[in-house]
Every structure is written in C-alpha cells, then in structure tokens.
Amino acid sequence: MSTATSTPTETREIQLASRPVGRPAPENFRLAQAELPELAEGQLLVKNQFMSVDPYMRGRMNDVKSYSAPFRLDAALDGGAVGEVIASRSDAHKVGDVVVHQLGWREHAVVDGAATTPVPSGLAPTSAFLGALGMTGLTAYAGLLKVAEFKEGDVVFVSGAAGAVGSMVGQIAKAMGASKVIGSAGSPEKVARLLELGFDAAFNYNDAPVLDQLKEAAGERGIDVYFDNVGGEHLDAALATLTVGGRVAMCGAIAQYNSTEPSVAPRNLAVAIGKQLTLRGFLVGGQRQHAAEFAQKMAGWLADGSVSYDETIVDGLENAPQAFIDLLDGANTGKMLVRL
C-alpha cells in the first residue's frame, strides 16, 4: 500500500437531513464528521479538490423511484468529484494521481480504483474534468450530435444556455457548422455572455414571452433542433417554432424541479404529429460509448479556442448546500463547482 505521510482517519461530509418539499432549504442538509474506513484491496483514498453540484440531484432528494436511486436520509450525498490519491491499495493507481469519481459532497473519499477515471496532466485544469471535459461536455456533445442528430446548416435553439451544458451545446453547434445558434438565459449579463461565446442570438426569458422572443430570433426559417434543459414554456415555444422534421433532445426540465404542482406546458404537443417531430429524452449514462470520440474532439476545440468554458466556484464544503440551492435559482454562469 502506498500512502501519503499522514493519512486522515476521518473527514467532513454533507448529509441529507430531510427531504425538501419544493425549493430546497439549508435545513435539509447537515455538515457531519465521518470515520474513514481502512482501505480494502483495490481501493483508494482520495482528497477531493472540487465537487460538482448538478440539477439532477434535486430529483434524487425525493423518495421516488427514478433512473437514479434516491439519496438516503442521514447519509452523505454523492456526485461528481475530482481529487488527488493520497493512499492506494490498487496496483493501477499511485499516490499523487488525480482521478474523477462519484463520491462528492465530502472532503475525502474511499473509492474503488475501478470506479475512477484518470485525469491526464497538462490538458486543462482539474476542475474542467467535471465540466467541459467531463460528464457536462459529454452530455452536450452526445445530446446534440447523437440524440438530436444535428446536421451542418441546422438552426439550433438551446434553453438554459448560460449553464454548464447549454453553453457547451451552443459552442459545439457553432464549431460543427450550425447556420444559427439561439440561446435563452435569465439575466442581461448571461445574454451578453452568450453573444461573447459565439451565439448568433440570445434573449432574456424574463423580458417577454419565450415564444415571441424565439420567433423573432429564429425568423421565418424557424429552428431545426431544440436542446431542452428547461421544459415548460420553453418546450411549448420550441414546438411551435420547429420546422417539419425538427428534433428535440430532452436533457432536463429545471423549470419544474422544485414544482409541487404538475406543469401546464407544453400544451401544444399535438403539433409534433403534423410537423413529424422527434422528441427524445436521454441520460448521459446511456451515451458513454461516445466518450472517447468526445474527449478527442473537445480537447481539439479547447486547444484551438473554438470552445471556452465558464465556472462559478464556491469555496468550502460547508457552502455546498447553498451552492446547490443557488444553482437551481440560476445563480451560476457555466459549471457550478465547490472547491474543497
């Protein structure tokens, strides 16, 4: 077993204290001390450097059957994290290696070596492997190209476009030859940032009805692809604006995650018949076969400046719950991360 000079025996973690009803609140979370178990054969002790907070985690806080098991009460939450190996009982990993794994929401994690992904040195800062070069980037790439079957010349509309996934979708579409990329976001600052990132048009969904603003941005041509991070009114507007044979990649519905009432939109789903639309929901877990192709493409785009990425970084594990709440309120530009 290789080990750093002083190996901790306990760590701090964030536990789910109670299940939120509607919008999560700080009292739904608890900062706790936890013992670190002895490493078994094949395991690593990782000192986490960054952890990710993501919209999908809101669904896991409910005690309902879903594609991802609910978080347990009075136990640590989990999610993407990147950190340095400080002790190892795995032949494939040595102290000093940097790895991505799924035991975030804690300062140290005991994780099976086989459940980690190595981070190559020198390609980008380690935080990027939770965002642009990680699951976030793969979600954008596979959702646009494999799920929505993007073609060169398409007009693409992205909701939640200043978020981690949305900002990647728009830039990948431009890099792959979209004729126009339109984004929606929730503040003037985010709209300005989208235009800096190369979006052809962007609007603030708080300024006027989404449909009116989308129709103005799209013009008579309409849109060919809608990448949906939001659901609700945005999906309604996109269905009305899509061309015949248009495609929708349904990635998220953040507008509804804290709702306690059923959504009223979309009310116009029947237009999918006459327009012969394709609406496909997807999870990034079902797109892992594209990971190597994505990593190669994204490394090239980052190197030549076709794609850049934003991060909103909050310091300290104790501030992770508030970072997550702020994420659901749209306080982030790009990827929301907690630095540990």
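Which backbone oxygen lies 2.7 Å from a polar atom of the side chain of serine 167? I started with that one, and it is the backbone oxygen of glycine 163. I take a polar contact as a pair of N or O atoms within 3.5 Å, where within protein one must be able to donate a hydrogen and the other to accept it, and residues adjacent in sequence count only if both atoms are side-chain atoms.

**Ground rules.** This is a predicted model, so I note that local features need pLDDT of at least 70, side-chain atom pairs count only at pLDDT 80 or more, and totals for chains, interfaces and linings use all residues. Residues are numbered from 1 along each chain as its sequence is written, and side-chain values use heavy atoms, with hydrogens and water left out.

**Serine 167, continued.** I placed serine 167 in helix H3; helices (H or I, at least four residues) and strands (E, at least two) are DSSP runs, numbered from the N terminus. Serine 167 counts as buried because its relative accessibility is 4%. My cut-offs: buried is under 20% relative accessible area, exposed is over 50%, and partly exposed is in between (1.4 Å probe, protein chains only). Not counting residues up to four places away in sequence, serine 167 touches Ala161, Ala162, Leu197 and Phe199, with contact meaning heavy atoms within 4.5 Å.

**Nonpolar cores.** I then looked up the cores, each a set of buried Ala, Val, Leu, Ile, Met, Phe, Trp, Tyr and Cys residues joined through side-chain atoms within 4.5 Å. The largest has 44 residues, and Leu144, Val156, Ile172 and Met298 touch the most other members. Elements that each supply at least two residues include helix H2 (135-147), helix H3 (164-175), strand E10 (180-185) and helix H8 (291-304). H2 brings the largest share, 7 residues. I checked isoleucine 172 on its own: leaving aside its neighbours within four places in sequence, it is in contact with Gly137, Ala140, Tyr141, Leu144, Met298 and Trp301. There is also a second, separate core of 20 residues, with Phe29, Met51, Val53 and Ala320 among them. The general note I keep beside this: in soluble globular proteins, nonpolar side chains tend to be buried together.

**Helix H9.** Is H9 (residues 320-328) mostly covered or mostly open? I found it mostly covered, with 7 of its 9 residues buried. The buried ones are Ala320, Pro321, Ala323, Phe324, Ile325, Leu327 and Leu328. They pack against strands E2 (10-16), E3 (29-35), E4 (43-52), E15 (311-315) and E16 (335-339), plus helix H1 (57-60). After H9 comes glycine 330, with a positive phi near 80°.

I used a 1 Å grid over the protein atoms alone: a cavity is a set of points where a 1.4 Å probe fits but cannot get out, a pocket is an open set with protein on both sides within 12 Å along at least five of seven lines, and lining residues have an atom within 4 Å of a point. Grid points are joined across faces, edges and corners, and a volume is the space filled by probe spheres set on the points. I got 1 cavity of 30 Å³ or more, and the largest cavity has a volume of about 70 Å³. Its lining has 13 residues, and the closest to its centre are Ala132, Met168, Tyr309, Asp310 and Lys335. H3 gives the most to this lining, with 3 residues. The second largest pocket holds about 160 Å³ of space. It is lined by 11 residues, of which Thr7, Pro8, Leu36, Pro37 and Glu38 are the closest to its centre.

**Positive phi.** Most residues other than glycine have a negative phi, and most peptide bonds are trans. I noted aspartate 74, whose phi is positive, near 60°, in the loop between H1 and strand E5 (81-88). Aspartate 74 is partly exposed, at 48% relative accessible area. I also noted glutamate 149, with a positive phi near 50°, in the loop between H2 and E9. Glutamate 149 counts as partly exposed at 46% relative accessibility.

**Aspartate 97.** I found this one in the loop between E5 and E6. Is aspartate 97 buried or exposed? It is buried, with a relative accessible area of 18%. Its side chain reaches the backbone nitrogen of lysine 94 at 2.9 Å. Not counting residues up to four places away in sequence, aspartate 97 touches Gly83, Glu84, Val85 and Ala92.
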